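Colleague: I would like to learn how to read some features of a model. Please take them one at a time, with the general idea before the case.

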Amino acid sequence: MGYSKSLPTLHQSPARMPKPSQLHQFLLLPENRSAHRALENLSKSLQQKRGKRLFLYGPSGTGKSHLISQALLEYRQSKPKIKYRRVTASEFAAQLADASAAGGVPEFQQQYRDLDLLIWEDLQALQKRTESQRQLVLCLDEIETKGTVAIVSSTTLPGRWQNINRKLIDRCRAALSIEVALPSPQSRVRLCRHFAQLIHEPMPASVAECIAQTIQGSPRDLHSVIARLVEDAHRRKCKLSDEYVAQFLESEIVAPVLPMKIIIQVTARYFTLKVADLKSSSRRSDIVHARQVAMYMLREMTTHTQIE
């Protein structure tokens, strides 16, 4: 039986595309300005069918996906009939596994080749996935001859990946590589004020500086803390005073970290799976989805790396 499963695109799944109003809220900073400019410059390559590759890298939560979403919206406005696909590396591997099981790898490959734009995110997730890496190399080589623009993102540079096909590393190194770094102290202050303004919450400059000095992480980390801070302040009917914010941040820092074992067990139970399923190499779609949720929770709630 041939492989007939249709791959989703953003035309079919608009929920994956942020609303224009959300994208306009993106704050340009020194740490993301070069990536933003490079994505804007790709618009000409799309119009002229000049295949180019852009490789964005940086820690999780620095805004790579948000930048890509903003650029994609602009591409679609300037070229309404643009043909594109946007997937994470884990989704690509899961789709390949489904196609392989159905004996439909050629059909799967074809759906990734006749495009104007191809976006792969979180490429570091392909570590140890040999066949997915090989298929990605084949795809990159073929779409380059057709003038397809490719945007790839990862948390690290290719040279730091483990168990990755050398050819895939070479293809990524041939792209224009731009880092999206963690924000500086000054940028963190701007982000704090920005996030507060988005929810119409007055935030004194001293409070923004306090948060920026205490939470030395990504924009996503800052956004998460500010959301919890404002929610707690509203519940307690408190103003964002220096004293209150300092106490709140102290409780945030000393909050206990859930053990990795507990997070995996709870995730498996929620999806009615076994822990062994999550730890297995199975590419069954429900297991892949649950595994991605567990990995996200581990990344957000612990200090463990994805490889661990």
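Colleague: Which hand does the crossing of H2 and H3 have?

Modeller: A crossing is left-handed if the near helix is turned anticlockwise from the far one by less than a right angle, and right-handed if clockwise. The crossing of H2 and H3 is right-handed. This is a predicted model, where local features need pLDDT of at least 70 and side-chain atom pairs count only at pLDDT 80 or more, while totals for chains, interfaces and linings use all residues. Residues are numbered from 1 along each chain as its sequence is written, and side-chain values use heavy atoms, with hydrogens and water left out.

Colleague: At what angle do H2 and H3 pack?

Modeller: Axes are lines fitted to C-alpha atoms, for helices over the stretch in contact, and angles run from 0 to 180 degrees between N-to-C directions. Helices (H or I, at least four residues) and strands (E, at least two) are DSSP runs, numbered from the N terminus. For H2 (residues 33-48) and H3 (residues 64-78) the angle is about 30°, and the axes are 10 Å apart. The two are therefore roughly parallel to each other (angles under 35 degrees; over 145 is roughly antiparallel, 65 to 115 roughly perpendicular, the rest oblique).

Colleague: And how are H6 and H7 placed?

Modeller: H6 (residues 130-145) and H7 (residues 166-173) pack at about 40°, with axes 9 Å apart, and are therefore oblique to each other. H6 passes H7 in a left-handed crossing. Contact means heavy atoms within 4.5 Å; here Gln 133, Leu 136, Val 137, Leu 140 and Asp 141 of H6 meet Lys 167, Leu 168 and Arg 171 of H7.

Colleague: What is the strand order in the open sheet?

Modeller: Two strands pair if DSSP finds at least two bridges between them. The five strands run E2-E3-E4-E1-E5, with parallel pairing. E2 (84-88) and E5 (176-179) are the edge strands, each with a single partner, so one side of each has no neighbour in the sheet. E2 pairs with E3 (residues 117-121) over five bridges, and Arg 86 stands opposite Ile 119 in E3. Helix H4 (residues 89-101) packs on the sheet and touches E2 and E3, its direction making about 100° with that of E2.

Colleague: How many aromatic pairs does the structure hold?

Modeller: Rings of Phe, Tyr and Trp (its six-membered ring) pair if their centres lie within 6.5 Å; planes under 30 degrees apart count as stacked, over 60 as edge-to-face and the rest as tilted. The structure holds nine such pairs. The ring centres of Phe 92 and Tyr 112 are 5.1 Å apart with planes at 80°, so this pair is edge-to-face.
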